[in-house]
Amino acid sequence: MRRAVGLGAMLMLAGLMLSVALFRPPADPLWRGFLLALGAGVLVLGEAMRRATGRPLRLTREGLFDSDGRELARIDEIAGIDRGMFALKPSNGFTLRLNVPKPRAWAPGVWWRIGRRIGVGGVTSAAQAKAMAEILTLVMAERREAGEGGGGA
């Protein structure tokens, strides 16, 4: 449902801009060109969002990947998880803090990666994002316990 609402909003915005530019154009041709370019840009973003939201994320013991195999982050690269109310995160999602910076990447409506942060959420289900964050929290706790317990004797 979230996907349909998000894509519908993008299509309505693009349609509004293009219809104003084509059927009720402003007197200044620069404004008309601006509306046409912006409407076309929103259509391109809508198509990118449609494709991105069609590829689910997969959490494995190795890391977080999309269904095409694109790596978001490996488990051993994750330093922490932010999912509080005031955390910089997508809607109904969470943010991963990484040990090492990664190249910027973006799947509109699903996830983004900038430097040492990955935001997961947006049009994803709040329940599924919460479950993934809780599983990652457990995996991180297991990793910390294994690291602390393996050093002595």
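Guide: A polar contact is a pair of N or O atoms within 3.5 Å; within protein, one must be able to donate a hydrogen and the other to accept it, and residues adjacent in sequence count only if both atoms are side-chain atoms. The model here is predicted, so local features need pLDDT of at least 70 and side-chain atom pairs pLDDT 80 or more, while totals for chains, interfaces and linings use all residues. Residues are numbered from 1 along each chain as its sequence is written, and side-chain values use heavy atoms, without hydrogens and water.

Visitor: Which side chain makes a polar contact with the side chain of T53?

Guide: The partner is R3, whose side chain makes a polar contact with that of T53 at 2.6 Å. A polar atom of the T53 side chain also lies 2.8 Å from the backbone oxygen of M49.

Visitor: In which helix does T53 lie?

Guide: Helices (H or I, at least four residues) and strands (E, at least two) are DSSP runs, numbered from the N terminus. T53 lies in helix α2, which covers residues 29-53. At the start of α2, a side-chain oxygen of D28 comes to within 3.1 Å of the backbone nitrogen of L30.

Visitor: Is T53 buried or exposed?

Guide: Buried means under 20% relative accessible area, exposed over 50%, and partly exposed in between (1.4 Å probe, protein chains only). T53 has a relative accessible area of 17% and is therefore buried. Contact, meaning heavy atoms within 4.5 Å, shows what surrounds the residue. If neighbours within four places in sequence are set aside, T53 is in contact with R3, P108, V110 and V123.

Visitor: Which other residues are buried in α2?

Guide: Besides T53, the buried residues of α2 are L35, G39, V42, G46, M49 and A52. What covers the buried residues of α2 includes helix α1 and strand β5.

Visitor: How many residues does α2 have, and what distance does it reach?

Guide: The expected span of a helix is 1.5 Å times one less than its number of residues. With 25 residues, α2 reaches 36 Å from its first C-alpha to its last, close to the 36 Å expected. Helix α1 (residues 2-23) has 22 residues and reaches 31 Å between its first and last C-alpha, close to an expected 32 Å.

Visitor: Which residues of α1 are buried?

Guide: In α1, the buried residues are G6, L7, A14, M17 and A21. They lie on the same side of α1, because they cover an arc of only 100° around the axis; the arc is that of the directions from the helix axis to the C-beta atoms. These buried residues of α1 pack against α2. Exposed on the other side of α1 are A4, V5, L11, M12, L16 and F23.

Visitor: What is the order of the sheet that contains β5?

Guide: Two strands pair if DSSP finds at least two bridges between them. The order is β4-β5-β6, an open sheet of three strands with antiparallel pairing. Four bridges join β4 (residues 78-82) to β5 (residues 94-107), with R97 of β5 as the bridge partner of G80. Eight bridges join β5 to β6 (residues 111-120). Along this pairing, A105 has R113 of β6 as its bridge partner, and F94 stands opposite V120.

Visitor: Where is the place of G109?

Guide: G109 is in the loop between β5 and β6. These two strands form a hairpin with three residues between them, and G109 in the turn has a positive phi of about 85°. With a relative accessible area of 23%, G109 is partly exposed. Beyond four places in sequence, G109 is in contact with G121, G122, V123 and T124. The C-alpha atoms of G109 and T124 are 7.5 Å apart, although 15 residues separate the two along the chain.

Visitor: What order do the strands β1, β2 and β3 have?

Guide: They form an open sheet of three strands in the order β1-β2-β3, with antiparallel pairing. Strands β1 (57-59) and β3 (71-74) stand at the edges; each has a single partner strand, so one side of each is left without a neighbour in the sheet. Three bridges connect β2 (residues 63-66) with β3 in the antiparallel sense. Within this pairing, the bridge partner of L64 in β3 is A73.
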